[in-house]
Amino acid sequence: HKRVSPAQSLGIATFRRDVDSERIASMRRTFILIASEDELFIEKLRPIVAAIKNATLQESRTFRSALPRIRIEHYDCIIIDKNLGSGDGITLGPIIKRINPECFSILVVPQSHWATTEAARSLGYSLAISASNVATELGTVLENITSQVKVPDSRELISARQRLERLSEREREILVDISQGKRNYEIATFRHISEGTIKSHLSSIYRKLEVRNRVEAISMMNNY
């Protein structure tokens, strides 16, 4: 098999100098995650998301599968069933707020009243919706979120390409590693280097890409 270099895997080596309208259009997508153990609940929400133009839906059935996605992926909206993980779903609010503060997070609760809403907001959620009303309210909420998703122009796309080209081969390898969800100690073991060296490489990656953390770095790699 022909070996594919890390640079090629990132698409860096094949960037075009001109960015066509189709590529820019693909950046208009709204990324949504639904996390619930209830298949019927998810089935009820799928057509609502499908009706939103340029929306991409991902689903998690367990607390353990939702957590790494929230830590790694960049979502515009995350919908959490309070009953996820036998009630632990509510604890994802502070994590979402810390990792992706711009994400609109929704907690779906059995019954919604002012106390529930205030409790959800205190945990970092943007909104609390009752399970009985989620089908009627979610469409409007997602339409509002979609209308606010930023569409980068060609200059922004080229700027991102240029920043990715600054990375060394080792830094590109590590960027691929973190995009796969590997933690620092896992990368260190896999690459046969120290964890301190990994942290040094990550600092260099963030500086060259002009991002603040691994979530933003992964988002840049995935989008460009």
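Guide: Strand S4 pairs with strand S5 (residues 127-130) in the parallel sense, over four bridges. Strands here are DSSP runs (E, at least two residues), numbered from the N terminus, and two strands pair if DSSP finds at least two bridges between them. The model is predicted: local features need pLDDT of at least 70, side-chain atom pairs count only at pLDDT 80 or more, and totals for chains, interfaces and linings use all residues. Residues are numbered from 1 along each chain as its sequence is written, and side-chain values use heavy atoms, with hydrogens and water left out.

S4 also pairs with strand S3 (residues 77-81), again in the parallel sense, over five bridges. There, Phe104 of S4 is the bridge partner of Cys77. Strands of a sheet pair through backbone hydrogen bonds, either parallel or antiparallel.

These pairings belong to an open sheet of five strands with parallel pairing, in the order S2-S1-S3-S4-S5. Its edge strands are S2 (55-60) and S5, each of which pairs on one side only. Neighbouring strands of the sheet are turned by 20 degrees against each other on average, direction ignored; the axes are lines fitted to C-alpha atoms, and angles run from 0 to 180 degrees between N-to-C directions.
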